[in-house]
Amino acid sequence: MLWLRKFGWVCLAGVGDAGDYLAVVNAEGYLICIEKATGSVAWTRRGVNGAIPPVVVGGIIYAVGAKGTLAGFSVKDGALGGVSMSVNLTSLLSQPFGDRLFAASENSAICLRPKTGEIVWSRPLPGVGRSAGAPVAGGRYVVFISGEGESVALEMATGREVWRSGFRPVFPPMLFGDNLILTTALDIAAFHLPSGKLLWKQNFTSPLACVAQGVGGLIVVVTKKGDVTGLDAGRGNQRFSFAAKADQCAADEKGIYLADSRGGVLFDRFWRELL
């Protein structure tokens, strides 16, 4: 272990990676910038929404304020470094796509250009601001989850609806090129992003224990029964499967890492041992 910092309850669902720093928010409404190498706190700012992780665009950390505004802070010293936008955001922010971010208010999907403060477009989409997942963008499209749980693909440039699916994911969507991966408690499916065509679908007999992990061309799934399965993201075929008493999983370019609900690391496996 290199370092450990405790800040109360921290929204670790999305840590902002800002080069030599990390940006997190906590339940008390603080935005905290941490030196990656040492764990030292570089600076803090108060008044953010502690349920919405920050994102980093061009050396600026963007966070949603308690009243839904979007504000940017300099990574270096926490000074206001972007245009403050009064857009009443209620959803998670997408990862940056070029100079754009995607987010939602209560009933509208929104495309933002935070550097200039421009709202590129806003499209009515009932209940989208209550979605638990962040929008995902790729190619010419961005996918939102509606208030009814439908997956809705919009044209990135205009916000025009391209397609929607009744497949209702309960975990955040993932993109592998033109393959949109959606996951329910028992199913994982791939859709062709430009057309919405179902490419493949896999069913599990035990509910998923955690968010599926995507790395390279693989999707790693852990079920509550303890089975660990690797699927090819392109075709959906099984690449490996084994039993483990785990309910948490992480993956990177080296391999996969499994842990139990108490945070104890069970073991790791290198890809060369699995594929």
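Author: Trp163, Phe167 and Phe191 form one aromatic cluster. Rings of Phe, Tyr and Trp (its six-membered ring) are paired if their centres lie within 6.5 Å; planes under 30 degrees apart count as stacked, over 60 as edge-to-face, and the rest as tilted. This is a predicted model, in which local features need pLDDT of at least 70 and side-chain atom pairs count only at pLDDT 80 or more, while totals for chains, interfaces and linings use all residues. Residues are numbered from 1 along each chain as its sequence is written, and side-chain values use heavy atoms, with hydrogens and water left out.

Searching the whole structure gives five aromatic pairs. In one of them, Phe102 and Trp121, the ring centres are 6.2 Å apart and the planes stand at 45°, so the pair is tilted. This pair links distant parts of the chain: Phe102 lies in strand S9 (residues 101-104) and Trp121 in strand S11 (residues 118-124), 19 residues apart. Helices (H or I, at least four residues) and strands (E, at least two) are DSSP runs, numbered from the N terminus. Phe102 has a relative accessibility of 0% and counts as buried; Trp121, with a relative accessible area of 7%, is buried too. Buried means under 20% relative accessible area, exposed over 50%, and partly exposed in between (1.4 Å probe, protein chains only).

Now the charged contacts. Side chains of opposite charge can pair when their charged atoms come close. A salt bridge is a side-chain nitrogen of Lys or Arg within 4 Å of a carboxyl oxygen of Asp or Glu. The whole structure holds eight salt bridges by this search.

One of the salt bridges joins Asp17 to Lys36, with the closest N and O atoms 2.9 Å apart. Here too, distant parts of the chain are linked: Asp17 is in strand S1 (residues 16-18), and Lys36 is in the loop between strand S3 (30-35) and strand S4 (41-46), 19 residues apart. Asp17 is exposed, at 52% relative accessible area, whereas Lys36 is partly exposed, at 32%.

Glu118 has a salt bridge with Arg113, and their closest N and O atoms are 2.5 Å apart. Glu118 is partly exposed, at 34% relative accessible area, but Arg113 counts as buried, at 17%.

Between Arg239 and Asp232, another salt bridge has its closest N and O atoms 3.8 Å apart. Arg239 is partly exposed at 39% relative accessibility, and Asp232 is buried at 18%. Elsewhere, salt bridges with shared partners join Arg123, Glu150, Glu161 and Arg164 into one network.
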